[in-house]
Amino acid sequence: MDAKLVNPFVNAFTTVMPQMGFQEPKRTKLYMRDKHAVSLGVSVVVGFTKQVRGNVVYNMSEDTAKYIASAMMMGMPIAEFDAMAQSAISEMSNMLTANAATNLTGMGLEVDISTPSLTVGEKFQVKISEGQYITVEMDLDGHTVEIDIAVDTNLE
């Protein structure tokens, strides 16, 4: 995986999340991992095609997902991670990934993104890469969101 492809995702997160009312997100850790992302409770997978191929996973605990969904719904309390809260998290992933795709396009890369696929449950594995990928851990107002980035260029 090309490390220069990480910044468009981090920049998307630090640009989009404050627009939704969150304090300035901060990158806290960076990891190299192999093949499978392990769910923290709520995971949203988005695929990439054309010159950028692979997947990104937005991975968080259910409490973090409820916190984000509540903020996106103007502070409405979220008692359970129901269909409305799930829709908010899927929309957040759409906004983040569209912004990252715009950033990648700015690097001269043609890219399309898939519809997000949201899953709920802890500790299951999602294969997102044939090899290593990068996890960027972001702090969002004291809540952790992992961005699992498994993309590479398909330039011929």
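Mentor: Let us begin with the term strand: a strand is a DSSP run of type E with at least two residues, and strands are numbered from the N terminus. Serine 43 lies in such a run, strand E1, which covers residues 26-50. Please keep in mind that the model is predicted.

Trainee: Why is serine 43 called buried?

Mentor: Buried means a relative accessible area under 20%. Serine 43 has 2%, and therefore the term applies.

Trainee: What makes the pair serine 43 and serine 39 a polar contact?

Mentor: The cut-off for a pair of N or O atoms is 3.5 Å, and one atom must be able to donate a hydrogen and the other to accept it. The side chains of serine 43 and serine 39 are joined at 3.2 Å, so the distance is within the cut-off.

Trainee: Which residues does serine 43 touch, not counting residues up to four places away in sequence?

Mentor: They are Val57, Tyr58, Asn59, Ser117, Leu118 and Thr119.

Trainee: Is serine 39 buried or exposed?

Mentor: Serine 39, whose place is also in strand E1, has a relative accessible area of 4% and is therefore buried. Neighbours within four places in sequence aside, serine 39 is in contact with Asn59, Gly121, Glu122, Lys123 and Phe124.

Trainee: Why is serine 61 called partly exposed?

Mentor: The term covers values between the buried limit of 20% and the exposed limit of 50%. Serine 61 has 27%, which is why it is called partly exposed. Serine 61 is found in the loop between E2 and H2.

Trainee: What is known of the surroundings of serine 61?

Mentor: Beyond its neighbours within four places in sequence, serine 61 is in contact with Leu40 and Val42. A polar atom of the serine 61 side chain lies 3.1 Å from the backbone nitrogen of threonine 64. From serine 61 to glycine 121 the C-alpha distance is 9.1 Å, although 60 residues separate them in sequence.

Trainee: Which residues of helix H2 are buried, and what do they pack against?

Mentor: In H2, residues 62-72, the buried residues are Thr64, Ala65, Lys66, Ile68, Ala69, Ser70 and Met72. They pack against helix H1 (7-19), E1, strand E2 (52-60), helix H3 (83-106), strand E4 (117-140) and strand E5 (143-153). After H2 comes methionine 74, with a positive phi near 60 degrees.

Trainee: How do you know that the radius of gyration agrees with that of a compact globule?

Mentor: For 156 residues a compact globule would have a radius of gyration near 15 Å; the protein has 15 Å, and therefore the two agree. Along its principal axes, the C-alpha trace spans about 50 × 30 × 30 Å.

Trainee: What share of the residues counts as buried, and what share of the contacts joins residues at least 24 apart?

Mentor: Of the 156 residues, 44% count as buried. Among contacts between residues at least 6 apart in sequence, 72% join residues at least 24 apart.

Trainee: What can be said of the surface and the charges?

Mentor: The accessible surface comes to about 7600 Å², with 47% belonging to carbon and sulfur atoms. The protein has 11 positive and 19 negative charges, and their mean positions are 6 Å apart.

Key: Residues are numbered from 1 along each chain as its sequence is written. This is a predicted model: local features need pLDDT of at least 70, side-chain atom pairs count only at pLDDT 80 or more; totals for chains, interfaces and linings use all residues. Side-chain values use heavy atoms; hydrogens and water are left out. Helices (H or I, at least four residues) and strands (E, at least two) are DSSP runs, numbered from the N terminus. Buried means under 20% relative accessible area, exposed over 50%, partly exposed in between (1.4 Å probe, protein chains only). Contact means heavy atoms within 4.5 Å. The radius of gyration is taken over C-alpha atoms; the globule rule is 2.2 Å times the number of residues to the power 0.38. Accessible areas come from the Shrake-Rupley method with a 1.4 Å probe; for residues, only the protein chains shown count as cover. Lys and Arg count as positive and Asp and Glu as negative; His and the chain ends are not counted. The place of a charge is taken as NZ of Lys, CZ of Arg, CG of Asp or CD of Glu.
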